[in-house]
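Hello,

Here is the structure I promised to pass on to you. Have a look at it first, and then read on for what turned up in it.

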There are 2 protein chains.
Amino acid sequence: MKLSKSTHYALHTMLHLTISHAEGHTSVSKLAGHQQVSTTYLSKILTKLVKAGLIVSVPGANGGYKLKANWQETTLLDVIQAVEGLPPIFDYCEDHNPSCIIQQSIQKAEKNFLEELGTMKIADLAEDARNVPHH
Amino acid sequence: MKLSKSTHYALHTMLHLTISHAEGHTSVSKLAGHQQVSTTYLSKILTKLVKAGLIVSVPGANGGYKLKANWQETTLLDVIQAVEGLPPIFDYCEDHNPSCIIQQSIQKAEKNFLEELGTMKIADLAEDARNVPHH
DNA sequence: CTATTATAGACTCACATTATCTCTAATAGG
DNA sequence: CCTATTAGAGATAATGTGAGTCTATAATAG
C-alpha cells in the first residue's frame with residue numbers, strides 16, 4: 001500500500017511548475033534536471049498530467065510544459081489520480097458480496113483520506129515552500 | 001496504492017474467527033475453506049498474525065488458531081499492519097529533505113487514515129455482520 | 001506410536017513498476 | 001523553406017514484489 005515513484009516525480013514536478021509559474025514554458029529536460037530521473041521517463045509521466053488536463057504542453061522549439069488555466073485549484077489528489085488511476089485502495093471484495101462489512105469500513109476511511117488529499121492545493125504548498133527554502 | 005490480497009485473506013479470517021469465537025480452536029483448513037485460498041498460503045499469512053500477537057496457535061492434533069486474550073480490542077489497523085508491515089504510504093522523500101512539504105502533507109492525511117482504521121474494531125464489525133447475514 | 005496440525009524454507013510464476021531507446025510529429029526562428 | 005528543438009508514442013528490457021505451491025520439520029492429542 002504505497003504510492004509509486006511516478007507519482008513522486010509528478011508531484012515534485014507540479015510543485016516546481018507552480019513555484020516557477022510566471023516563467024512560461026519549461027522543458028522536460030529542465031524539469032528532469034531537478035530530480036534523478038531521465039527525460040524520456042519523466043515525459044511519459046507528464047503526458048498523463050496533460051491528458052488529465054492538469055498541465056498544457058507545447059511541442060517544438062521553445063516549447064515545454066506549463067500549468068493549466070485555473071492552476072490554483074489543482075490538489076494533491078488530482079495529481080495522484082492522474083498518475084495512479086482511480087481504482088480504490090481496497091477492491092478485493094468485488095467478487096464477494098458488495099455488502100461486505102470489511103469493504104465498507106475500509107472504503108469509508110479511504111473516502112476521508114482521498115477527500116483530505118482533495119483539499120490540499122499545490123498552490124498553497126508552493127506558498128509554504130517559498131518560506132522554507134528547499135525547492 | 002492498494003492493499004494486498006494477503007491482507008484481504010487476513011481480514012476475512014479475523015472476522016470469521018471473531019464471529020465463531022466461542023467454538024475454540026479452528027484449523028487452517030477450515031479457515032481456508034471459507035475463502036478461495038490454499039491452506040499452505042493462508043498458513044503463512046496467519047503466522048504473521050501470530051507473530052503480531054493477534055491470534056494464538058496450537059500445533060498438533062485438534063490444534064488450530066484462536067483469538068488472543070483481549071480480542072475485543074483488535075482493530076482493522078492491527079491486522080493490516082501485521083500483514084503489510086509498517087512502511088508508510090509515501091516514503092520516497094527520505095533521500096530528499098525530510099522537510100519536504102509534499103511528504104508532510106501526504107503523511108498528515110495518511111496519519112488520519114490510519115488513525116481511523118485504528119478505531120474500527122473487528123469485534124464491532126462482527127456484531128454488524130451478525131445482523132446482515134453473509135458470513 | 002500415529003494421525004493431525006502449525007511452521008519454516010526453497011522455489012516458481014505472473015504481473016506491475018521502472019526505466020531506456022528509437023522513431024515520429026509539431027513548432028519557433030532564421 | 002530548413003533546421004534545431006521539443007513533446008509524444010511505441011517497443012522492449014530489467015527489476016522487484018505479490019501470489020502461490022511444494023516439501024520437510026516440529027509439536028501435540030489420543
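This is a predicted model: local features need pLDDT of at least 70, side-chain atom pairs count only at pLDDT 80 or more; totals for chains, interfaces and linings use all residues.

The largest share comes from α3(B), with 5 residues. Sorted by class, the surface near DNA strand C holds 10 nonpolar, 14 polar and 1 charged residues.

Now turn to the other strand. DNA strand D is surrounded by 25 residues, the closest being Ser57(A), Ser4(B), Lys5(B), Ser38(B) and Gly60(B). Here α3 (39-51) and β2 (64-67) of chain A, plus α1 and α3 (39-51) of chain B, each supply at least two residues of the nearby surface. For DNA strand D, the largest share is that of α3(A), which brings 5 residues. The classes for this surface are 10 nonpolar, 14 polar and 1 charged.

Next, the protein chains themselves. Where chain A and chain B meet, 33 residues of chain B and 33 residues of chain A make up the contact. On the side of chain B that touches chain A, at least two residues each are supplied by α1 (5-19), α4 (76-84), α5 (101-117) and α6 (122-131). The element that gives the most to that side is α5(B), with 9 residues. By class, the side of chain B that touches chain A divides into 20 nonpolar, 7 polar and 6 charged residues.

One helix deserves a look of its own: α6(B). Which of its residues are buried? They are Ile122(B), Leu125(B), Ala126(B) and Ala129(B). These residues cover an arc of only 105° around the axis, and therefore sit on the same side of α6(B). There is a simple rule behind such patterns. An α-helix has 3.6 residues a turn, so residues three or four places apart point the same way. On the other side of α6(B) you will find Asp128(B), Arg130(B) and Asn131(B), which are exposed. As for what covers the buried residues of α6(B), the cover includes α5 (101-117) of chain A and α1 of chain B.

Best wishes

Methods:
Residues are numbered from 1 along each chain as its sequence is written. Chains are lettered from A and ligands numbered from 1 in the order in which they are written. Two residues are in contact if their C-beta atoms, placed from the backbone, lie within 7 Å. Helices (H or I, at least four residues) and strands (E, at least two) are DSSP runs, numbered from the N terminus. Ala, Val, Leu, Ile, Met, Phe, Trp, Tyr, Cys and Pro count as nonpolar, Asp, Glu, Lys and Arg as charged, and the others, Gly among them, as polar. A residue is near a molecule or strand if its C-beta atom, placed from the backbone, lies within 6 Å of it. A residue is buried if 20 or more other C-beta atoms lie within 10 Å of its own, exposed if 12 or fewer, and partly exposed in between; C-beta atoms are placed from the backbone. The arc is that of the directions from the helix axis to the C-beta atoms.
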